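Thanks for coming. I will go through one protein model today, with the structure on the screen.

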Amino acid sequence: MSDLSDIWSLLQMENPTGDRLVARPAYPETAAGLLLALDKDGRAHILVPLARADPSLDDRRSRGLSVRTLELDVQGGPDRRRYIDVTAVDVPGRDALDLIARDLRDRLNDRGAEPTAAVAAVIGLWRRFWSVPADLGLTREQEIGLFAELWFLRFWLIPRVGPAEAIRRWRGPFGSRHDFEWVGRSVEVKATTSSRGLIHRVNGIDQLQGPENGSLILFSLRAREEAGAGNTLPVLVASCSEAIGTAAEVLDAFEAAIAAAGYPAATAPGRDDLRLRIVEEHLYAVRDDFPRLTWPILGRELRGVERIDYDINLAGFEHLRIAADGVDVHLT
């Protein structure tokens, strides 16, 4: 998800010592002036240069982030000067800083915002989704399922239909039969971390029954849990909010959906350790020859049977794939 990984890698090789930071321009081709920096403990920083008359900004309310105004000597940067220093408190927070850096670049370059106002706006938006109260519980399986829904929303649906329409179609958190629904089509999202392949759990006899008028697609995401992976729930939520921008009504709708899905628990201390490497992602047409159980296939309702959960294995069903790994597909 990061387009700044090469810069972080170069900084790691420069071995900062003492109180100095090593820094490099985040976007040399722009006039934003942002620097990425590392300290001797490996913590990542974004440095936003301030003019003499620019106001300071200090903010300690965002979990995982520290925002301070400091005079700094920067190895690889200009002479000692004032900066707003946005620091990831935890070393793995580098992915989150990449998202913040991109938003700051856009605000400073394209919108001409003042540096202090730009940082305050970005941190405020970040806090909205990062520091939600942790008052609900998610199992590990539910966290992975939510991750897959957000992945489909961010990288498959938003680029094709826009944030407002994409979030309007996200109905799973509100109890709808399929995760995404709109006129003429539904999408059911499935995730697996199985080493055996594309094996998914289907929850209920109706889950792979198509909509009354339209077609059903299954989105299959296969991932591996790895300590060094950069994909986490907080980073993915922040990426969605970045794609939404400043549209207040759309942000409100997104916040309502992730809260209904149980996202607050995913931000609780000790619960942000789910780190996933994406192995493969596909869309499948759910047709008559798709592996599934439905009441019409069973022939009749089974008296006294209230629920049937089962596993499907998509090996051998490549002929039903309609898109893979971001290949363009119409989702209108």
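First, the ground rules. This is a predicted model, so local features need pLDDT of at least 70, side-chain atom pairs count only at pLDDT 80 or more, and totals for chains, interfaces and linings use all residues. Residues are numbered from 1 along each chain as its sequence is written, and side-chain values use heavy atoms, with hydrogens and water left out.

The overall make-up. The protein has nine helices and 13 strands. Helices here are DSSP runs of H or I with at least four residues, strands are runs of E with at least two, and both are numbered from the N terminus. Of the 332 residues, 51% count as buried. Buried means under 20% relative accessible area, exposed means over 50%, and partly exposed is in between, with a 1.4 Å probe and protein chains only. A contact is a pair of heavy atoms within 4.5 Å. Among contacts with a separation of 6 or more, 71% come from residues 24 or more positions apart.

Now the cores. In soluble globular proteins, nonpolar side chains tend to be buried together. I call a nonpolar core a set of buried Ala, Val, Leu, Ile, Met, Phe, Trp, Tyr and Cys residues joined through side-chain atoms within 4.5 Å. The largest one has 41 residues, and those touching the most other members are Leu150, Phe152, Leu153, Trp170, Phe180, Phe219 and Phe254. Several elements give two or more residues to this core, including helix 4 (140-161), strand 10 (214-225) and helix 7 (248-260). Helix 4 gives the most, with 11 residues. A second, separate core has 35 residues, among them Trp8, Val86, Ala96 and Leu99.

Leu150 lies in helix 4 and is buried, at a relative accessible area of 0%. Beyond residues up to four places away in sequence, Leu150 touches Trp170, Leu233, Leu236, Val237, Cys240, Phe254 and Ile258. From Leu150 to Val189 the C-alpha distance is 9.7 Å, and the two are 39 residues apart in sequence.

Next, the rings. There are eight aromatic pairs in the structure. Rings of Phe, Tyr and Trp (its six-membered ring) pair if their centres lie within 6.5 Å; planes under 30 degrees apart are stacked, over 60 edge-to-face, and the rest tilted. One of the pairs is Phe152 with Phe219, which is tilted, at 5.1 Å centre to centre and 50 degrees between the planes. Phe152 is in helix 4 and Phe219 in strand 10, so the pair ties together parts 67 residues apart in sequence. Both residues, Phe152 and Phe219, are buried. Ring pairs also join Phe152, Trp156, Trp170, Phe180, Phe219 and Phe254 into a cluster.

What about the empty space? Rolling a probe the size of a water molecule over the atoms shows where it is left. On a 1 Å grid over the protein atoms alone, a cavity is a set of points where a 1.4 Å probe fits but cannot get out; a pocket is an open set with protein on both sides within 12 Å along at least five of seven lines; and lining residues have an atom within 4 Å of a point. Grid points are joined across faces, edges and corners, and a volume is the space filled by probe spheres set on the points.

There are two cavities of 30 Å³ or more.

The largest pocket has a volume of about 770 Å³. Of its 28 lining residues, Glu141, Gln142, Gly145, Glu149 and Asn203 are the closest to its centre. Helix 4 gives the most to this lining, with six residues.

Finally, the two single residues. Tyr263 is in helix 8 (residues 263-266) and counts as buried, at 1% relative accessibility. Gly162 sits in the loop between helix 4 and helix 5 and is partly exposed, at 21% relative accessibility.
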